[in-house]
Amino acid sequence: MTAIDWQARRADFPVLSRRVHGKPLVYLDSANTSQKPAAVIEAVDDFYRRHNANVSRAVHTLGGEATESYEGARKRLAAFLNVRPDDLVLTSGTTQAINLVAYSFALPRLRPGETILLTRMEHHANIVPWQLIAERCGATIKVAEITPAGELDLDALWKAMTPEVKILGVTHVSNVLGTVNPIAEICREARRRGIATVVDGSQAVPHRPVDIAALGCDFYAFTGHKMLGPTGTGGLWARREHWLAMPPFLGGGEMIKEVRFEKTTFNDPPHKFEAGTPNIAGVVGLGAAVDYLSALGMAAIEAREQSLLAYATERLSMVPGLRIIGQAQQKAALISFLVEGAHAHDLATLLDLEGIAVRSGHHCAHPLMQFYGVPATCRASLAFYNTTTEIDALVTTIDKVRKMLG
Ligand code: PLP
């Protein structure tokens, strides 16, 4: 296998050649949304310029091409994740995917007093939908705690899996701590106890090989815009038996076999769960993103990002007064940090003046902020297209800001 020239790959991403405030853009916010390669931008452009039509409706040539492109993208995405295309429902992202599980799977099933177990490190997208349906069906929410290093306390998690727990919501990779959770082991333990597992794969799929079939979960949600794809794309995989048993979430066109005022019969999954006109061009772009990631290889991407993470961790650890939040053994390439004497937002604003984009805030993870007793952190999140030179720029600028504010 020939080594990948990662520096050269930067040229695939038009935005990376931008300047911000007169400085070269240093984009360290890929966990928020990734940048898009020209192949993805061109696929969306080509769809609208040459093939635009609605899917699954028209018999004309463009209609056929649009349907083929849309379903072709589903097939490539399914192969990428090692699942059957028919078990992969395309959604607008993780948020819609988890709401679909909550409303179609959990709400009709949960009885008063039954429990949904969530971990401390969930994104609000894997908390709030559960709270909304718990209120409606009388279920309760229980929290599985983490260690100060930011790892799941597995002994506590096993103990928390009591008989009234029916659903476990767990993130594959934390968007704040970077922690990679042992999902296969967690799903095995949950399954032994009859608990359905809902895995949030938003931060995993873009950064490491993900074989959903090997994880043993019941549901796996992911979002397209963090994996080089367009915004408003993503998906939900579920075991076939769940899809067959679940009522639709949204009703409308595309998801039916026959509509009569007396009774409507539904299409087969996945179409049963894809009411209305989908984000066709976006899904086509997501298909191009999958092709791009597959050509590089997810194992190579993971190795590249791990070496950037090691470099960034070492360099940031040497900055006086800088505290890294999230020190798990297994981490994805993102680093949350605080700098003594500097508010996260002020630091992010001053970094932006040097062209460096990091995220500051609560990262849609209030319960984690409460655990660490901080209102916000700064987060530098890496992708394979970042470089050690960019990390150096981050470290030097933080040091400058620290001295300026100190
Ligand atoms: N879950 C995690 C771990 C995330 O990082 C995000 C996005 O920040 C989401 C869920 C929500 O994804 P989306 O807004 O694309 O639905």
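Predicted model: local features only at pLDDT ≥ 70, side-chain atom pairs only at ≥ 80, totals over all residues.
Is R10 buried or exposed? I looked up R10 and found that it counts as buried, at 15% relative accessibility. For these entries, buried is under 20% relative accessible area, exposed is over 50%, and partly exposed is in between (1.4 Å probe, protein chains only).

Entry 1: Residues are numbered from 1 along each chain as its sequence is written, and side-chain values use heavy atoms, with hydrogens and water left out.

**Entry 2: R10.** I placed R10 in the loop between α1 (6-9) and β1 (19-20). Helices (H or I, at least four residues) and strands (E, at least two) are DSSP runs, numbered from the N terminus. Leaving aside residues up to four places away in sequence, I found R10 touching L16, L25, Y385, N386, T387 and E390. Contact here means heavy atoms within 4.5 Å.

**Entry 3: the ligand.** I then listed what surrounds the ligand: G93, T94, T95, H123, A125, N175, D200, S202, Q203, T223, H225 and K226. A residue counts as near a molecule or strand if one of its heavy atoms lies within 4 Å of it. Sorted by class, this shell has one nonpolar, nine polar and two charged residues. In that sorting, Ala, Val, Leu, Ile, Met, Phe, Trp, Tyr, Cys and Pro count as nonpolar, Asp, Glu, Lys and Arg as charged, and the others, Gly among them, as polar.

For T223 the distance to a ligand oxygen atom is 2.6 Å. For H225 it is 2.9 Å, and for K226 it is 2.6 Å. The protein buries 86% of the 400 Å² that the ligand exposes when taken alone. These areas come from the Shrake-Rupley method with a 1.4 Å probe; for residues, only the protein chains shown count as cover. A polar contact is a pair of N or O atoms within 3.5 Å; within protein, one must be able to donate a hydrogen and the other to accept it, and residues adjacent in sequence count only if both atoms are side-chain atoms.

**Entry 4: cysteines.** How many disulfides does the count give? I recorded zero disulfides, a disulfide being a pair of cysteine sulfur atoms within 2.5 Å. C378 is in no disulfide, and the nearest cysteine sulfur, that of C364, is 16 Å away. C378 is buried, with a relative accessible area of 0%. C137 is likewise buried, at 11%. C364, by contrast, counts as partly exposed at 23% relative accessibility.

**Entry 5: backbone exceptions.** Most residues other than glycine have a negative phi, and most peptide bonds are trans. With this in mind I looked for departures.

- C364 is not a glycine, yet has a positive phi of about 55°; I placed C364 in the loop between β16 (359-361) and α13 (366-372).
- N82, also not a glycine, has a positive phi of about 55°. N82 sits in the loop between α3 (61-80) and β4 (88-91) and is partly exposed, with a relative accessible area of 42%.
- P269 and P270 are joined by a cis peptide bond, with omega about 10°. I found P270 in the loop between β12 (264-266) and α10 (280-296).

Entry 6: Which residues does D392 touch, not counting residues up to four places away in sequence? I found Y311 and R315. D392 belongs to helix α14 (residues 388-405) and counts as partly exposed at 24% relative accessibility. D392 and R315 are 77 residues apart in sequence but 7.8 Å apart in space, C-alpha to C-alpha.

R50 lies in helix α2 (residues 38-51) and counts as exposed, at 56% relative accessibility. With residues up to four places away in sequence set aside, R50 touches L62 and E65. R50 and N32 are 18 residues apart in sequence and 31 Å apart in space, C-alpha to C-alpha.

Lastly, I looked up D346, which is found in helix α12 (residues 344-353). D346 is partly exposed, with a relative accessible area of 43%. From D346 to S360 I noted 14 residues in sequence and 8.8 Å in space, C-alpha to C-alpha.
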